[in-house]
Amino acid sequence: MKKISLLGATGSIGQQTLEVIEQHPEKLELVAMSIGENIDLGRKIIQKFSPKLVSVMTKETCDKLKNEFSSDITFVYGNDGLVEVATYKDSTIVLNAVVGSVGLLPTLKAIEAKKSIALANKETLVTAGHLVMDAARVHNVSILPVDSEHSAIFQCLQGENEKNIDKIILTASGGSFRDKTREELKNVTVEAALNHPNWSMGAKITIDSATMMNKGLEVIEAHWLFGLPYEKIDVLLHKESIIHSMVEFHDGSVIAQLGTPDMKVPIQYAFSFPDRYPMPSTKERLHLWEIGRLHFSKPDFDRFKCLGYAFHAGGIGGTLPTVLNAANEEAVAGFLKRKISFLEIENIIENALEKHVTIKEPSLEVIRQVDEETRLYVQTLLARK
Ligand SMILES: NC(=O)C1=CN([C@@H]2O[C@H](COP(=O)(O)OP(=O)(O)OC[C@H]3O[C@@H](n4cnc5c(N)ncnc54)[C@H](OP(=O)(O)O)[C@@H]3O)[C@@H](O)[C@H]2O)C=CC1
Ligand SMILES: CC(=O)[C@@H](O)[C@H](O)COP(=O)(O)O
Ligand SMILES: [Mn+2]
């Protein structure tokens with residue numbers, strides 16, 4: 001039985017993780033979880049799964065829920081609460097599905113507590129990949145990718161010698177506006193941006209997908225997970241999201257992982273690895289004859305500027321990816337609140353990157369400082385709008 005701590009149970013990945021747990025009750029059990037602001041959904045999850053430990057965002061919510069539920073359930077709150085869930089004594093694996101760099105500290109603490117990490121929260125690796133991967137090495141802990149592309153690459157690499165990799169090829173749908181020109185992007189709405197062609201996901205990642213910052217974050221995530229230089233990481237536009245990514249080896253062979261666009265597959269693989277659990281018989285399988293044709297093209301870096309910013313920040317390293325991530329989180333929040341236009345997201349990120357003087361090999365304290373300073377800088381820009 002795998003005992004799971006789930007960070008971000010009320011989100012898109014969190015909900016799909018709970019479905020996977022329900023589908024395999026003899027193998028998977030939820031023992032601890034965190035929720036954000038969605039208290040109503042949180043209540044329903046607690047009633048259904050009876051976790052032993054629950055973290056919420058505020059003391060007020062914590063006190064309220066303590067009065068509603070039996071004393072068998074412990075309630076905690078805030079960033080310390082996230083860490084308590086991540087390090088809960090009875091859990092063996094932590095699935096981190098919170099959004100944003102708030103996921104960094106719980107990940108590091110879970111690694112120190114020797115929990116396996118199933119990582120959906122890509123911002124953690126973008127912000128401080130060197131700290132996370134070093135900690136995983138020191139504590140001999142596995143980081144199992146949940147992000148669909150990285151799970152695909154991880155699956156393609158099973159039984160392979162990493163020295164034979166020529167490159168990895170991350171596929172990208174191109175997001176909600178993949179067929180629009182830059183001129184047409186000037187007046188796009190939040191609603192249109194939230195309408196991803198293939199995946200149903202949380203708001204922040206759906207906007208990232210539309211700017212292609214999602215793919216940029218994934219390039220940096222891949223660099224850390226697979227220990228590859230940026231020259232060996234390619235991005236390929238593939239609008240159907242059927243091939244989830246590929247690895248090209250030095251004998252010219254290319255191995256790909258395919259499947260319908262369904263996050264429950266990589267979530268489940270992170271739990272079942274190195275085994276595989278069967279897919280429920282009710283679930284639709286991949287029928288390539290129904291799809292007919294798959295399409296591929298190279299991304300245009302002038303069209304998708306965020307992709308270029310991510311390769312640049314990743315290549316320089318140090319604190320620059322921290323700035324990239326924090327500026328992006330704040331700019332996307334500003335767009336979702338309708339303070340700025342879609343194209344202003346990339347202008348803000350470019351400004352923040354240009355202004356920053358990179359610090360090499362930053363400590364956690366420096367990462368936190370740079371993250372906070374960048375957020376304040378972007379908030380100042382947003383306040384002028
Ligand atoms: N959705 C997807 O298909 C994929 C997502 N990912 C990555 O997985 C992560 C989660 O994405 P997704 O599920 O879409 O996001 P959602 O926005 O749907 O969910 C985020 C979760 O985090 C919680 N949360 C948000 N802010 C805080 C905070 N400050 N403190 C504590 N909890 C918080 C939310 O709580 P509440 O809702 O209760 O406020 C919710 O449970 C992201 O890093 C994303 O990039 C990667 C691949 C695919
Ligand atoms: C499901 C998943 O892993 C997302 O990160 C997805 O890849 C987003 O799609 P694009 O960024 O390719 O549009
Ligand atoms: Mn992805």
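**Entry 1. Gly-8**

I looked up the contacts of Gly-8 (contact means heavy atoms within 4.5 Å). Leaving aside neighbours within four places in sequence, I found Gly-8 in contact with Gly-14, Ser-34, Ala-97 and Val-98. I placed Gly-8 in the loop between β1 (2–7) and α1; helices (H or I, at least four residues) and strands (E, at least two) are DSSP runs, numbered from the N terminus. I read 9% relative accessibility for Gly-8, so Gly-8 counts as buried. For this term I used the following cut-offs: buried is under 20% relative accessible area, exposed is over 50%, and partly exposed is in between, with a 1.4 Å probe and protein chains only. I also took the C-alpha separation of Gly-8 and His-287, which is 32 Å for two residues 279 apart along the chain.

**Entry 2. Basis of the values**

I note that this is a predicted model, in which local features need pLDDT of at least 70 and side-chain atom pairs count only at pLDDT 80 or more, while totals for chains, interfaces and linings use all residues. Residues are numbered from 1 along each chain as its sequence is written, chains are lettered from A and ligands numbered from 1 in the order in which they are written, and side-chain values use heavy atoms, with hydrogens and water left out.

**Entry 3. The chain as a whole**

I counted 17 helices and 11 strands in the secondary structure of the chain. The radius of gyration is 20 Å, close to the 21 Å that the globule rule gives for 385 residues, so the chain is as compact as a globular protein of that length. That radius is taken over C-alpha atoms, and the rule is 2.2 Å times the number of residues to the power 0.38. Along the principal axes, the C-alpha atoms fill a box of roughly 55 × 50 × 40 Å.

I found that 55% of the 385 residues count as buried. Among contacts with a separation of 6 or more, 69% are between residues 24 or more positions apart. The accessible surface comes to about 17100 Å², and carbon and sulfur atoms hold 50% of that area; the areas come from the Shrake-Rupley method with a 1.4 Å probe, and for residues only the protein chains shown count as cover.

I then looked up the charges and found 43 positive and 50 negative side chains, with the centres of the two sets 2 Å apart. Lys and Arg count as positive and Asp and Glu as negative, while His and the chain ends are not counted. Each charge is placed at NZ of Lys, CZ of Arg, CG of Asp or CD of Glu.

**Entry 4. Cysteines**

How many disulfides does the structure hold? I found zero, a disulfide being a pair of cysteine sulfur atoms within 2.5 Å. I checked Cys-156, which counts as buried because its relative accessibility is 5%. Cys-306 also counts as buried, at 0%.

I located Gln-16 in helix α1 (residues 12–23). Its relative accessibility is 13%, so Gln-16 counts as buried. Beyond neighbours within four places in sequence, Gln-16 is in contact with Asp-262, Met-263, Lys-264 and Ile-267.

With neighbours within four places set aside, its contacts are Glu-149, Leu-170, Thr-171, Ala-172, Val-235 and Leu-307. The C-alpha atoms of Lys-215 and Leu-307 are 6.6 Å apart, across 92 residues of sequence.

I found Glu-37 in the loop between β2 (28–34) and α2 (39–49). Glu-37 is exposed because its relative accessible area is 68%. From C-alpha to C-alpha, Glu-37 and Thr-58 are 8.9 Å apart, and 21 residues separate the two in sequence.

In helix α5 (residues 104–112), I listed Leu-104, Pro-106, Thr-107, Leu-108, Ala-110 and Ile-111 as the buried residues.

**Entry 5. Backbone points**

I noted positive phi values at two serines. Ser-50 has phi near 40 degrees and lies in the loop between α2 and β3 (53–56). Ser-50 is partly exposed, at 44% relative accessible area. Ser-241 has phi near 50 degrees, lies in the loop between β9 (233–237) and β10 (243–249), and counts as buried at 6% relative accessibility.

Finally, I looked up the peptide bond from Phe-273 to Pro-274, which is cis, with omega near 5 degrees. Pro-274 lies in the loop between α12 (264–272) and α13 (288–291).
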